[in-house]
Amino acid sequence: MSDRILSGRYVLGDQIGSGGMAVVYLAWDKELGREVAVKILRSEYNEDQDFVRRFNLEAQAASKMSHENIVGIYGVGQDGDTRYIVMEYVRGRTLKEVIRQAGRIKPERAVQITLKILAAVDCAHRSHVVHRDIKPQNILVDVEGNIKVADFGIARATNASTQTYTDGSNVLGSVHYFSPEQASGQVADEKSDLYSVGVVLYEMVTGEVPFDGETPISVALKHVQEPPRSARSLEPTVSKGLDEVILKALDKEAAFRYQSAAEMARDLKKAIRNPRGGFVDKPDVPSGLRARIKAMGGRAGLWRKARRWAIILGCLILVTGGLYYGSRLYRYFFVRLDMPNLLQLDLEEAVEYLEELDVQYTLEERHDGQVRYGHILEQYPQPGEPVWPGDRVRLVVSMGVEGLMMPKLLELTRSEAVRVIEENDLVLGDVRLEISGAEPGIVVGQSPTVNQWVKPGDRVDLTVSGESASVPDLYGYTVEEANGLLVASGFVLGQVTEAIDEMDAGLVVDQSVEAGTLALMGESIDVTVSQAMPVTCRAQVTIGVQASEHGVEVVCTLLESTGEREVYRATLEEEQQEITLNLDSFEPGMHTVRLYLDGELVTEKDIEFVADE
C-alpha cells in the first residue's frame with residue numbers, strides 16, 4: 001500500500017497493474033472525490049526527453065477522445081521527476097483473464113465483444129490516433145460486462161511516424177498481437193490495429209493465439225511468413241462465415257485486410273446472420289488455382305504472338321477480302337479461350353475462374369447423390385471447348401440428395417457429431433450443455449431426431465453432456481472468499497446484491513443456486529450480501545407559526561445528505577400556532593428543518609439527531 005500523494009491531489013493506493021513502460025495505481029482524486037487509475041512512467045522513460053515529449057502529445061490527443069468503449073484519460077501531469085497519466089478506473093477484469101478462466105469464449109459472445117472493440121478503435125481512428133497495442137491485456141471487462149479499451153500510452157497520431165519502438169530487448173506492444181508490418185519494424189497504421197483485433201478475436205474463439213514460439217523473434221517471423229491456421233479447424237463451433245472474417249483480418253498484406261473498423265464490423269454482423277459465409281470480399285491475388293491459369297496464359301501468350309504475326313502477314317498478302325476474314329480469324333485464334341474444367345469444383349471457385357476469363361454464366365440446380373451440395377455437376381460448353389470473352393456458359397449445381405434421413409449423433413463426441421453434420425451438408429445450429437449421466441462432451445440430444453427427413457442446409461441443434469460440479473456453500477463468507485470458492489469449484493461469481501440482515505455487514509447470506517446442487521461448470525452464481533442494520537436517530541423541534549386571518553398552508557422539510565424531504569404539511573387558520581415535530585433520520589448529527597408558508601421559505605433551524613440507545 002502506497003501513501004504517496006501526487007501534485008497534492010492524487011492519493012496513491014494499491015498497485016493494480018504494471019508493464020514494460022509504466023506502473024498503474026488505484027488512487028483517490030481529492031479534488032473531485034472519486035477513484036481514478038494513475039499510470040506512472042518508469043524512470044528510464046522519464047529520462048528520455050524525446051520519448052516524453054512525444055508521449056505527452058499523444059496522451060493529450062487520446063484524452064480528447066470520448067467513447068463508451070474507451071477508458072477515459074483525464075489528464076497528464078508531472079510531480080518532480082515523476083510523470084503520470086490520470087485515467088478512468090474500471091472495476092473488473094482484463095479480457096485476458098476472462099479467456100484464461102473460460103478457456104475460450106462462445107463465438108456469439110466473442111463477436112459482441114469484438115464489435116465493441118471495433119467501435120472504440122473506429123472512434124480512435126476518426127480522431128487520427130492509432131492504438132498500436134491492441135491485446136486482451138488492454139481490454140477491460142467491468143462487473144456489468146461492458147467493454148473498455150485501455151492503454152493508449154504508445155498510441156500515435158496517424159499524421160506521425162507510427163513505428164514499433166524498441167529499447168534493447170524491451171519492445172513496446174506485445175509480439176503475439178503484432179501486425180506483420182509492426183513485426184518487421186515498418187510503419188503501423190489503422191489496418192495494423194485491425195490485424196491485432198483479428199488476433200484477439202481468434203484467441204477468444206479458440207483459446208489460442210494464431211502464432212506462438214519460444215522467443216519473441218520466432219513469433220514475429222511467423223507473423224511475417226506463416227499463414228494462420230483456420231480458427232474453425234481448432235474449434236468446430238466457429239462458423240464458416242466468422243472464420244472467413246478472421247482470416248481476412250489476419251491477411252499478411254495490409255491492402256487486402258479490412259480497410260476500416262466499420263467495414264470489419266459490417267462483416268461480423270453478417271457472420272451472425274449468415275454463418276455459411278460467402279460474403280467476405282476476397283483479395284484479388286493469385287491463389288494456387290489462379291497461379292496455374294496465369295502460367296498457362298503466359299505460355300499461350302508466346303504462341304499467340306507468333307500466330308498474330310502470321311495472320312498479319314497473311315492479311316498483307318491477301319488484301320482482297322482480308323479485312324473481313326482476317327477479323328474472323330483474329331477472334332478465333334487470339335481471343336478464343338479454352339473452356340476450363342469446372343466439374344466437381346465448389347460454385348464459388350468455379351465463378352472465380354469464369355470472372356477471370358471475363359465469361360458470363362447462368363446457373364441451374366439439380367439434386368444428385370454423387371456430387372456434393374454446392375459443387376458443379378455439369379457444364380456447357382464441355383471442358384476444352386472454345387469460348388470467347390463475353391460469352392455466356394451454363395453451369396448445373398448439385399443440390400445434393402433430394403432428401404436424407406437424419407443420422408444418429410447420440411453417444412458421439414461433439415467433434416465427431418460436427419464432422420457427421422458437415423459430411424451430410426447440414427449446418428450446425430445451437431449447442432446446449434446439459435447435466436447428464438454421460439461423459440462430458442458426449443451428445444445426449446439432437447434436433448432433428450434420428451431418421452427424420454432433412455435436406456442439405458438444414459440446421460442441426462445438439463445437446464451435449466457438460467461437466468458438472470457441486471455448488472459450494474457460500475453462507476457467511478465475504479465476497480472475495482466466495483469468489484475464490486466458486487473459482488476453485490469451476491464456477492463464476494455472478495451478480496452481487498445487498499440486503500439488510502442481522503449478520504455482520506459484507507457476508508454472504510443467500511446464493512442463487514442452493515449449496516450441494518449439481519450445476520454446469522462455468523455457470524454464474526449470484527449472491528446476496530448482508531447490509532448493516534441502519535441506526536435510527538431522533539430529534540424534536542418546536543416551530544412557531546403566524547397565520548393570517550384567511551389561513552396559511554404550512555410545510556416543514558428536513559434537509560439530509562440524500563436531499564430534502566417533507567415531514568409536515570397542514571393548513572392553519574388561527575393567528576398563532578406552535579408546531580412540535582418528532583423527527584427520525586438514519587444520519588446522526590446536525591440537520592436543517594425548513595418552514596414554508598404558502599410555498600415561500602420563511603425560516604430554517606438546525607437541530608441535532610442522536611442515535612437511540
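1. The contact, meaning heavy atoms within 4.5 Å, involves Leu 194, Val 197, Gly 198 and Leu 201 of α6 with Ala 261, Met 264 and Leu 268 of α10. By class, six of these residues are nonpolar, one is polar and none is charged; Gly counts as polar.

2. The model is predicted: local features need pLDDT of at least 70 and side-chain atom pairs pLDDT 80 or more, while totals for chains, interfaces and linings use all residues. Residues are numbered from 1 along each chain, and side-chain values use heavy atoms, without hydrogens and water.

3. Helix α6 spans residues 190–206 and α10 residues 261–273; their axes lie 10 Å apart at an angle of about 30 degrees. The two helices are therefore roughly parallel (angles under 35 degrees; over 145 is roughly antiparallel).

4. The axes of α4 and α10 come within 9 Å and cross at roughly 165 degrees, which makes α4 roughly antiparallel to α10. This crossing is left-handed. Residues in the contact include Leu 115 and Leu 118 of α4, and Met 264 and Leu 268 of α10. The contact divides into 10 nonpolar, one polar and two charged residues.

5. His 125 is found in helix α4 (residues 107–126). His 125 is buried, with a relative accessible area of 11% (buried means under 20%, with a 1.4 Å probe and protein chains only). Leaving aside neighbours within four places in sequence, His 125 is in contact with Val 130, Glu 190 and Asp 193.

Technical notes:
Axes are lines fitted to C-alpha atoms, for helices over the stretch in contact, and angles run from 0 to 180 degrees between N-to-C directions. Helices (H or I, at least four residues) and strands (E, at least two) are DSSP runs, numbered from the N terminus. Angles under 35 degrees count as roughly parallel, over 145 as roughly antiparallel, 65 to 115 as roughly perpendicular and the rest as oblique. Buried means under 20% relative accessible area, exposed over 50%, partly exposed in between (1.4 Å probe, protein chains only). A crossing is left-handed if the near helix is turned anticlockwise from the far one by less than a right angle, and right-handed if clockwise.
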